[in-house]
Amino acid sequence: MHKEKLEEKSSNNISGAIKKFDKHKSAASTALTFWLIKKTYSDAIEYTGIARGTRGLIIFAGLIASSLGFWFGWRLILDSLRWGIDGFVGWFSILCAIGSLIFGFYIAIKSVRLEFFRPEDEPTIFDRKNRKVYRIYRETYSGWRGLLRPWPVKTATYEWDLVDAEHHAQLNSNTATVSRIHSLVFLVRKNSADPSIVDTFQIGNSMQMSEVTVPAVWEHIRRFMEENGPHLLPGEVLFSFEKPKNWWESVLSAGPYGGNFKNIWQHHRFFAVASLIFFPIIFPFIILVGSFAWLSFETSTRIGWAPEVLQAVGDPIS
């Protein structure tokens, strides 16, 4: 009874962990891979960690935020010099200006580090035969000290029975709208006797997931690991992505133009027409994102699974 009340309360949260999934209980009527599976093995599935179309967006958003910080700080300094630094208000404005400039520098440097020289992918394998979960990921650190530290690429192996899945949501609001960003988060416990969380990771891109798709993506993993479910669902295909051959191809793949336009025209006619009408406004931003994506691809580092992981899962069957 107490557990049911806790689950009901968590489901009504608007931010944070809104639901903890049960491995032995269905979370959705339908399952979904969300086109995130890149390889299949006899008894394992491998998920991609960097969703298609997301490269270049981190540094683009980061540079916009840092530019706002620089602009706000510089305006405060100019206004303080114009009206004079006198009393509490004047010195407070200077402190705010310095803080804004520091914020701008921090966001700019961190977004560059997050986007460039990152692994070509950060995959996760769910192995039902050995009841293991394997990950390749880049360790990142926060704060100024973390910004100056090396960010190593690591491999981790977890016992499936020590991995719990949760539906998380983050509340975003501005002057016009209020929305939630949903994510499928996995928490790794230390051992069966100690429930301390030693690691966390996600499957899927939070910017693309929704309140409906998070349980469905988890349901596919749950069925595969607990009920001998299929590797892929009927009609779904493996995630496949080829690195752009040149800068121009990267630019065209970053927006609704080039090879993407035909698919958008077939399924999102209104958006396709709008992209043509506002082409002079949209395309300069597409060039920036595409250029950042190209640099991200060019500086990416190759990855490979450890021999013991490859021995455990065997050769890919697709």
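**Exercise 1.** State the volume of the largest pocket, and describe its lining.

Step 1. The largest pocket has a volume of about 1,700 Å³. On a 1 Å grid over the protein atoms alone, a pocket is an open set of points where a 1.4 Å probe fits, with protein on both sides within 12 Å along at least five of seven lines. The volume is the space filled by probe spheres set on the points, which are joined across faces, edges and corners.

Step 2. The model is predicted: local features need pLDDT of at least 70 and side-chain atom pairs count only at pLDDT 80 or more, whereas totals for chains, interfaces and linings use all residues. Residues are numbered from 1 along each chain as its sequence is written, and side-chain values use heavy atoms, with hydrogens and water left out.

Step 3. A lining residue has an atom within 4 Å of a point. There are 46 such residues here, and Ala-51, Arg-52, Gly-53, Thr-54 and Phe-241 lie nearest the centre of the pocket. Two or more lining residues come from each of strand S2 (37-41) and helices H2 (57-83), H6 (247-253), H7 (260-267) and H9 (279-299); helices (H or I, at least four residues) and strands (E, at least two) are DSSP runs, numbered from the N terminus. H9 supplies the largest share, five residues.

**Exercise 2.** Which residues lie nearest the centre of the second largest pocket, and which element gives the most to its lining?

Step 1. This pocket has a volume of about 1,200 Å³. Of its 30 lining residues, Gly-49, Ile-58, Arg-118, Gln-202 and Asn-205 lie nearest the centre.

Step 2. H2, S5 and S9 each give two or more residues to this lining. S9 gives the most, with five residues.

**Exercise 3.** Identify the residues of the largest nonpolar core that touch the most other members.

Step 1. A nonpolar core is a set of buried Ala, Val, Leu, Ile, Met, Phe, Trp, Tyr and Cys residues joined through side-chain atoms within 4.5 Å. Buried means under 20% relative accessible area, exposed over 50%, and partly exposed in between (1.4 Å probe, protein chains only).

Step 2. The largest core has 28 residues, of which Phe-126, Leu-184, Phe-186, Ile-203 and Ile-221 touch the most other members. Helix H5 provides its largest share, seven residues.

Step 3. Ile-221 touches Tyr-47, Phe-126, Trp-160, Leu-184, Phe-186 and Ile-203, not counting residues up to four places away in sequence; contact means heavy atoms within 4.5 Å.

Step 4. Another core, of nine residues, lies apart from it and includes Ala-44 and Ile-125.

**Exercise 4.** How many bridges join S2 to S3, and which way do the side chains of S3 point?

Step 1. Two strands pair if DSSP finds at least two bridges between them. S2 and S3 run antiparallel and are joined by four bridges. A hairpin of two residues connects S2 to S3.

Step 2. Lys-39 stands opposite Glu-46 in S3, and Thr-40 has Ile-45 as its bridge partner.

Step 3. S3 is also joined to strand S4 (residues 124-127) by four bridges, again antiparallel. There, Ile-45 has Phe-126 as its bridge partner.

Step 4. Ala-44 and Glu-46 point one way from S3, while Ile-45 and Tyr-47 point the other way, and all are buried. In a regular strand the side chains alternate between the two faces of the sheet.
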